[in-house]
Amino acid sequence: MKDIIEFILSRQSQPRLSAPAPGDEVLREVFSCALRAPDHALLKPWRYLVVTGKGLQQLGEAFAAAAAHDNPALQESDLDKISSKALRAPMIIVGITCQQEHPKVPVIEQTLSTGAGMAYLLLALEARGFSGIWRTGDMAYHPVVHERLGLGPLESITGFLYVGTAAARKPVQPLPSLDDIVSVWPPRNSH
Ligand SMILES: Cc1cc2nc3c(=O)[nH]c(=O)nc-3n(C[C@H](O)[C@H](O)[C@H](O)COP(=O)(O)O)c2cc1C
């Protein structure tokens with residue numbers, strides 16, 4: 001078994017996904033991992049929707065309705081293309097941040113907590129032989145999509161995780177240079 005560092009270092013998002021998607025047992029496991037996300041004041045400011053089958057078609061229709069709302073001149077073929085975006089994987093997990101009032105926890109921290117949970121989800125899915133990619137785009141922020149998915153007024157979509165089995169694995173990309181990103185503060189040569 002790979003140790004966790006090796007495992008994380010080899011993780012890649014996989015945009016080409018096909019069936020099978022994870023079943024209930026794996027979902028329970030990976031969502032349990034998501035619930036381990038760091039969470040300031042233990043607000044649990046997240047929830048997740050699991051979308052498969054006909055639900056994906058309905059989500060695609062929500063994407064098309066949102067696009068048509070913004071641009072009524074769109075043609076049927078444009079709308080078909082937009083709705084087909086929800087069919088790029090056999091499962092979509094919608095990560096939702098449920099904003100809560102708290103004197104010490106601004107909403108950015110709540111969104112970050114959802115994001116951490118989603119990153120754990122990606123890792124846990126990979127550990128069980130599945131793959132995914134986190135996508136957002138205009139549709140994640142569109143009120144028509146929110147309404148169709150039943151989001152409340154204080155809820156927002158932090159991301160869509162497209163999930164399934166990698167149909168083709170993207171080559172592992174080189175890591176950015178650590179020296180460009182990590183430094184000691186204050187700089188060692190400062191007085
Ligand atoms: C908040 C967020 C939103 C993203 N939205 C998109 C998106 O809409 N479309 C897309 O192709 N990639 C999106 N990405 C990037 C991919 O999830 C992925 O991280 C990127 O392609 C790099 O691949 P890697 O994870 O294998 O390094 C998003 C990532 C994050 C964190």
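This is a predicted model: local features need pLDDT of at least 70, side-chain atom pairs count only at pLDDT 80 or more; totals for chains, interfaces and linings use all residues.
1. For Trp-134, a backbone N or O atom is 2.7 Å from a ligand oxygen; for Thr-136, the corresponding distance from a backbone N or O atom is 3.0 Å. On its own, the ligand has 620 Å² of accessible area, and the protein covers 53% of this.

2. The shell around the ligand. The residues around the ligand are Arg-11, Gln-12, Ser-13, Ile-133, Trp-134, Arg-135, Thr-136, Gly-137 and Lys-170. Sorted by class, this shell contains two nonpolar, four polar and three charged residues.

3. Overall architecture. The protein has seven helices and five strands. Read from the N terminus, the order of these elements is α-β-α-β-α-α-β-α-β-α-β-α. Along the principal axes, the C-alpha atoms occupy a box of roughly 65 × 45 × 35 Å. Of the 191 residues, 39% count as buried.

4. The salt bridge between Arg-128 and Glu-29. The structure contains three salt bridges, and one of them joins Arg-128 to Glu-29, with the closest N and O atoms 2.8 Å apart. Arg-128 is in the loop between α5 (107–127) and β4 (131–135), while Glu-29 belongs to helix α2 (residues 24–34), so the pair ties together parts of the protein that are 99 residues apart in sequence. Both partners are partly exposed: Arg-128 has a relative accessible area of 45%, and Glu-29 has one of 35%.

5. The salt bridge between Glu-155 and Arg-47. The side chains of Glu-155 and Arg-47 also form a salt bridge, with an N to O distance of 2.8 Å. This pair connects distant parts of the chain, since Glu-155 is in strand β5 and Arg-47 in strand β2 (residues 46–52), 108 residues apart. Glu-155 counts as buried because its relative accessibility is 17%, below the limit of 20%. Arg-47, with a relative accessible area of 28%, is partly exposed.

6. The salt bridge between Arg-169 and Glu-126. A further salt bridge brings together the side chains of Arg-169 and Glu-126, at 2.5 Å from N to O. Arg-169 lies in the loop between β5 and α7 (178–181) and Glu-126 in helix α5, so this pair ties together parts that are 43 residues apart in sequence.

7. Thr-165 is located in strand β5 (residues 155–166). The C-alpha atom of Thr-165 is 5.9 Å from that of Pro-20, although the two residues are 145 positions apart along the chain. Thr-165 is partly exposed, since its relative accessible area is 23%.

8. A nonpolar patch on the surface. Ile-4, Ile-5, Ile-8, Leu-9 and Leu-175 form a nonpolar surface patch, with about 530 Å² of accessible area together. Ile-4, one of these residues, is in helix α1 (residues 4–9). Ile-4 counts as exposed because its relative accessibility is 59%, which is over the limit of 50%.

Methods. Residues are numbered from 1 along each chain as its sequence is written. Side-chain values use heavy atoms; hydrogens and water are left out. A residue is near a molecule or strand if one of its heavy atoms lies within 4 Å of it. A polar contact is a pair of N or O atoms within 3.5 Å; within protein, one must be able to donate a hydrogen and the other to accept it, and residues adjacent in sequence count only if both atoms are side-chain atoms. Accessible areas come from the Shrake-Rupley method with a 1.4 Å probe; for residues, only the protein chains shown count as cover. Ala, Val, Leu, Ile, Met, Phe, Trp, Tyr, Cys and Pro count as nonpolar, Asp, Glu, Lys and Arg as charged, and the others, Gly among them, as polar. Patches are made of residues with over 30% relative accessible area and no salt bridge: like charges are joined within 9 Å, nonpolar side chains (Val, Leu, Ile, Met, Phe, Trp, Tyr) within 5 Å. A salt bridge is a side-chain nitrogen of Lys or Arg within 4 Å of a carboxyl oxygen of Asp or Glu. Helices (H or I, at least four residues) and strands (E, at least two) are DSSP runs, numbered from the N terminus. Buried means under 20% relative accessible area, exposed over 50%, partly exposed in between (1.4 Å probe, protein chains only).
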